[in-house]
Amino acid sequence: MGAQPCGAPGLYVHVPFCVARCRYCAFASSVYDRAGAERYLVALAREAAGFGTWALGFGNGSCAESPKPKAESRPFATLYLGGGTPTVLPAELLERLCALPAIAAALRDAGERTVEANPGTVDAARLGLLRRAGFDRISLGAQSFDDAELALLGRVHRAGETAEAVRLARAAGFDNLGLDLIFGLPGQRPEGFLASLEAALRLAPEHVSLYGLTYEPGTPLAEEVKGTAPIAARHRYRYRNRSGARNGRAERKDFSPLRGSDTDSDSDTDADRTGTADGPRLRPCDEEAERDMYLAAVGRLRSAGYAHYEIANFALPGRESRHNLNYWAGGEYLGLGAGAASYLDGERRVNTGDVAEYCARVEAGRSPVESAERLGAEKRAREALMLGLRMTSGVDLAGFRARTGFDAQAIFGATLESHLAAGRIELASGRLGLTLEGLLVANAVMADFI
Ligand code: SF4
């Protein structure tokens, strides 16, 4: 499939609240509290109203720094309500959110309406409400089907709750459902990850996303890997002990995910407890195991009928995420809420990710935009190529030239040549795409094109 911008922009709405912070999370989110959520919804309504005349022909267009209103109405092609955890909101706040004019209009008119949800935060009432409001696609953050891995990640749910969430979503009428999984966890072996993938496939999702765990600076997992924070007590035994006897997982016995500790010992030393700089560290998954997980998962998903259409994304025929396809095609989108990004009329804007700051700015009639950049023609072309390479269908070079005015081989010269020579990129039938080898190091390859 070739990704082409679909014309009308996508609408992304961010709900920056969660039950608790996951231990790897660097997203704009904070722990849910009712007063904070109510304040946020008022601010969100006000920000959305500022884009009213631009997008849909309603609202007052009063936000001083919103894009120039356009005479014509521009309905949104897709809607994505993400987070955070939208389903942490109680039913009455979800109802209020869905009734905001911009969201209500997108729920009525957009061709795809996705809501993100986390197992452990959904029930029949919330799911029924969301489905009746117009959401037709749900993306569930399963992440793993191993309870100890979920605990290590700091997820609030357990594996059984994912199966229940899928059952409830189906009962509510969601016939387009995606599951997200994370691989490359400390101590994870390929067979462990593939067991999670099999558990996910048994739930028959229409879409599967696979993300490699990253250690974002400042997160508890990153600190534990650096050795600047002690490994949380409840994870210490499993992720330190070579024998695996206490957790009964014999398959981990030849793999020690800790650095700087006596991994044969069952005792908690002082160093284990304090996690000094010289003490034990959480050991990231080794690269070879991570590579094996990804390749095996790609093969398994393909054999199960899922098209591998983007680096991390797999879908049954016709069930690709249209909202995300628009991003990768370089299409326009409007992001509302704390931390949300927009790309409109050649300008990229990012709102402050600090929820309190976001509310304060909007309440004071100031723009929540923290950074804005107008992209020049060449930068737009570079980004278009980088985003296009995320798609397994690659980039049609003639189409790229027609769209951007640039010849890819001329502007990327030596960079392109070196990746072609190294077998990370291939050129076939006028299309440029990542090879399987390139997919494994995709982020590094794409960074070279910026
Ligand atoms: S549920 Fe998502 S957004 Fe919320 S803390 Fe966890 S990773 Fe972050």
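**Entry 1: two helices side by side**

At what angle do H3 and helix H5 (residues 124-133) pack, and how far apart are their axes? I looked it up: the angle is about 10°, and the axes are 10 Å apart. Helices here (H or I, at least four residues) and strands (E, at least two) are DSSP runs, numbered from the N terminus. Axes are lines fitted to C-alpha atoms, for helices over the stretch in contact, and angles run from 0 to 180 degrees between N-to-C directions.

I had to remind myself that I am reading a predicted model, in which local features need pLDDT of at least 70, side-chain atom pairs count only at pLDDT 80 or more, and totals for chains, interfaces and linings use all residues. I also noted that residues are numbered from 1 along each chain as its sequence is written.

Back to the pair: H3 and H5 are therefore roughly parallel to each other. Angles under 35 degrees count as roughly parallel, over 145 as roughly antiparallel, 65 to 115 as roughly perpendicular and the rest as oblique. The crossing of H3 and H5 is right-handed. I learned that a crossing is left-handed if the near helix is turned anticlockwise from the far one by less than a right angle, and right-handed if clockwise.

From H3, the residues Ala91, Leu94, Glu95 and Cys98 meet Ala125, Arg126, Leu129, Leu130 and Ala133 of H5. Sorted by class, this contact has seven nonpolar, no polar and two charged residues. Two residues are in contact if their C-beta atoms, placed from the backbone, lie within 7 Å. For the classes, Ala, Val, Leu, Ile, Met, Phe, Trp, Tyr, Cys and Pro count as nonpolar, Asp, Glu, Lys and Arg as charged, and the others, Gly among them, as polar.

**Entry 2: H1 with H14**

I moved on to helix H1 (residues 34-50) and helix H14 (residues 355-363), whose axes come within 9 Å and cross at roughly 50°. H1 and H14 are therefore oblique to each other. Their crossing is left-handed.

On the H1 side I found Gly36, Arg39, Tyr40, Ala43, Arg46 and Glu47, and they meet Val355, Tyr358, Cys359, Val362 and Glu363 in H14. The contact residues divide into six nonpolar, one polar and four charged.

**Entry 3: H8 with H12**

Here the axes of helix H8 (residues 190-202) and helix H12 (residues 287-303) come within 9 Å, crossing at roughly 30°. I wrote down that this crossing is right-handed. Pro190, Phe193, Leu194 and Leu197 of H8 meet Ala289, Asp292, Met293, Ala296, Ala297 and Arg300 of H12. The contact holds eight nonpolar, no polar and two charged residues.

**Entry 4: around the ligand**

Which residues surround the ligand? I listed Cys18, Arg21, Cys22, Cys25, Phe27, Ser29, Gly83, Gly84, Thr85 and Asn118. To be near a molecule or strand, a residue needs its C-beta atom, placed from the backbone, within 6 Å of it. By class, the shell has four nonpolar, five polar and one charged.

I then checked the backbone here and found that the peptide bond from Gly83 to Gly84 is cis, with omega near 25°. Gly84 lies in the loop between strand E4 (78-83) and helix H3 (91-99).

**Entry 5: two positive phi values**

Ala204 has phi near 55°, a positive value in a residue other than glycine. I located Ala204 in the loop between H8 and strand E8 (207-212). Ala204 counts as exposed, with 12 C-beta neighbours inside 10 Å. The cut-offs: a residue is buried if 20 or more other C-beta atoms lie within 10 Å of its own, exposed if 12 or fewer, and partly exposed in between, with C-beta atoms placed from the backbone.

Asp345 is not a glycine, yet its phi is positive, at about 50°. I found Asp345 in the loop between strand E14 (341-344) and strand E15 (347-351). Asp345 counts as exposed, with 12 C-beta neighbours inside 10 Å.

**Entry 6: Thr114**

Strand E5 covers residues 112-117. Leaving out residues up to four places away in sequence, Thr114 touches Leu79, Tyr80, Leu81, Phe135, Arg137, Ser139 and His323.

**Entry 7: the whole chain**

Last, I took down the totals: the protein chain has 19 helices and 19 strands. Buried residues make up 44% of its 450 residues.
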